[in-house]
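Open the model in your viewer and keep the selection tool at hand. The tour moves from one chain to the next, stop by stop.

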Amino acid sequence: MNTSQSPSPSSADIETQAAAFRDCFHHLRTEIGRVYVGQPSLVEHLLVCFFCQGHALIEGAPGLGKTVLVRTLGEALDLSFARIQCTPDLMPADVTGTNLLAETPDGLREFSFRPGPIFANVVLADAINPATPRTQAAFLEALQERHVTVFGVTHQIDAPFAVFATQNPIEMEGTYPLPEAQLDRFFFKLSVGTPSLADLEEILTRTTGTETIRIAPRHGAATVRAMTDIIKQVAVSEPAMQRVLRIVRATHPDTDEAPPLVKKYVRYGASPRAAQAMILAGKAFALLDGRYHVAAADVARVALPALNHRIIRNFHGEMEQISPAAIVDAVLDVTGGRSA
Amino acid sequence: MTISRDHAQPEWADADARQDAPGAEIVPGAALVLTALAAARRRIRLTLLARAASVAGPAGVTLGAAGVLLPLGSPPWLPVLLGSAGLAGATVWALLRTPSLASTASALDARLDLRDRTAAAYQLHGSSSPVAGLVVHDAATHLAALSVAAVFPFAVPRAALVLAPLAVLLGTAVAWPVSPRDRAERETAAQSGAGMQQPAAARSSATTPAPETAARNSAGPEAEASRGTRGTAASATPSEPRPPRERSEETAGRRGARPEDTVPRPGQSPARGKDANPATPADARIAEQQPRGGAPATPPDAAIAAADTAAAQGGRGLANPARPSQAGTVARGSGGRGASDTDATPLASAGRGAGGVSQGPLAALPRLASTGFDRSQAPAGLAARYPTARAGAEAALTRDTVPPDLRDYVREYFRAIAPAGQR
């Protein structure tokens, strides 16, 4: 098997790039914080997801600023940003693009590919649930393979590429819940909580005045790609690796490691993609913490956003409204605690 | 980047030795990490050993002391044996439970909240990847001021807080008995050890005993041991070690003095009941019916023991003229020490009944002794002790109320066993 590997940087290079990553991360967090009030954990996880080149599913009630958050991220980075408003009549070609018959300068007519919004660096799929399954499936290839195929021709999507889809958990009528196969392709599922009283007051102050906040884009595509590469350089300690393996195993109800809650209310456990997400996100958090190795605590920190959309509850779990977060907590408890 | 386990050094390799291995210093700071790990591992092992030993040692001593103090027939060295076994077991347990270097690294991380820094550094210390240097350097920075004693302090187990004082208490009770009777027995044993080595004249002049006590003292240490009595501490002299066989015989004699030992237990020498002094005639009959045997003794030893016993019984047994038959039975029992019926020589037979007052088989014993006693086989101690023993017997016969026929009996006995030149 032939494997290609980019030349590994020196220790000094890694240190320099790690410092740059921390600086970039803090800058983005600060810039987003100027527009988006509160939810520091949500912002942190969203940025980690982006730098790991993963896609996120953001779930929250209407009006909590999901779209603002993603749009601000796109603005803070000097990257292309596209927004897809998913409606029932949205067609796959509206997402991926299509071939159009166009006239060439010499008078000939030929088909040329017109890229869809999916070819942006940061894509916001707003309210993805109302889109038909056919349109949702159009995202599948782009999410996983990072290219789209139109009329038999494959078109690569430039890196960095991240899709942030939002969904409304309240309005279920006339919507099409994402199938499990598509859910699994999202790196994180992030929940937007209700803002606190102080945050709500700050939101009102900022949004009802005359002041308009301008975000200064600072980091381009090359910087983001370098950050992604430096994250992958981080080592994984044996305790962290074992923790990930135990967590994934414990989400499956037919294993001995599964806690009683999982055995009772879970139909299918997490996939290997969940383990990949935990490791990659753990690497990013390790770098942010000034370490060059993933610790077990990093894994526990990212377990909930990496697992909660990959654990499929059974009928009893849904009827008794056992939340995925409660199941993940039970899994973390049996695998070494939430902080260890 | 996931670090392969191949990078980890084998568990058996000591960290200090590994530093000298080629390539061990690929990553700067690896030596410091490995040294810290080795120190932490030694500390963990020491802590485990101390914790286990603080429980197992006292537990063994406690069990052994309980076995000695309870009437189980346990030897007095059992506490030492079990305590040593406990310490040895604790050592083995600590060695087996000593964690590997990888586990030690995890323990260090957990204690110091290092977020797996040490574990990752141990994984990567042999790697040549650029990030390995950063990981090891990071760990070395955090471990630079490591104090393993502070990280792994020794905590006394709760069980040890109970067991240690208990072991000291019971061990003290075994080593220095608090019971007056036990104390007297031990002092008697010490005197017996000294008496075998010291001249009789020195012993007889050591104190000025009461009449009855004087008779006992002059009768020799074997008589004291055979009687199982107390109160001769005044005549005690610095003891010297005696041959183990003689000591064990005396120990058996002391035990024989206990009423519960009148009936021999399985595996116990029945001849120990020589001076059981039964409280009832039935007990006396039991003592009389006991087979005389036990540890085989050489004829001279048996003769000496019989002589001393007889002298002693002459002093004590006659002190109770109201029960002559019982005294005679006791004397018969005491005379049988060290001689079995199967290997009974004329001398042994003589000694067996020499102290008695009965006119049955015992009456012929002095005659047998006088005819069958080969004085050339007598040990050197007999000549030295004979004058003292005989003087003591004479004193007792003079001062105590003794029936005349028994006085003659004792005198005849001493004449029979008198060494050459002292008759």
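A residue counts as buried if 20 or more other C-beta atoms lie within 10 Å of its own, as exposed if 12 or fewer do, and as partly exposed in between, with C-beta atoms placed from the backbone. This is a predicted model, in which local features need pLDDT of at least 70 and side-chain atom pairs count only at pLDDT 80 or more, while totals for chains, interfaces and linings use all residues. Residues are numbered from 1 along each chain as its sequence is written, and chains are lettered from A and ligands numbered from 1 in the order in which they are written.

**Chain A.** Select chain A. Of its 340 residues, 44% count as buried. Its secondary structure comes to 14 helices and 13 strands. Helices (H or I, at least four residues) and strands (E, at least two) are DSSP runs, numbered from the N terminus.

**The sheet.** Two strands pair if DSSP finds at least two bridges between them. Zoom in on strand 2 and strand 5 (residues 122-126) of chain A: they pair in the parallel sense over 5 bridges. Here Ala82(A) stands opposite Val123(A).

**The interface.** Show both chains. Contact means that the C-beta atoms of two residues, placed from the backbone, lie within 7 Å. By that rule, 21 residues of chain A are in contact with 17 residues of chain B. Helix 9 of chain A gives the largest share of chain A's side, 4 residues. That side has 12 nonpolar (Ala, Val, Leu, Ile, Met, Phe, Trp, Tyr, Cys and Pro), 3 charged (Asp, Glu, Lys and Arg) and 6 polar residues (the others, Gly among them).

**The core.** A nonpolar core is a set of buried Ala, Val, Leu, Ile, Met, Phe, Trp, Tyr and Cys residues joined through C-beta atoms within 7 Å. Select Ala303(A), Val33(B) and Val135(B): of the 148 residues in the largest core, these touch the most other members. Helix 2 (residues 30-69) of chain B supplies the largest share, 19 residues. Now centre on Val135(B). Among the residues it touches are Ala235(A), Tyr292(A) and Leu124(B).

**Last stop.** Pick Val168(B), in helix 8 (residues 158-175) of chain B.

Technical notes. Lists of a residue's contacts leave out its neighbours within four places in sequence.
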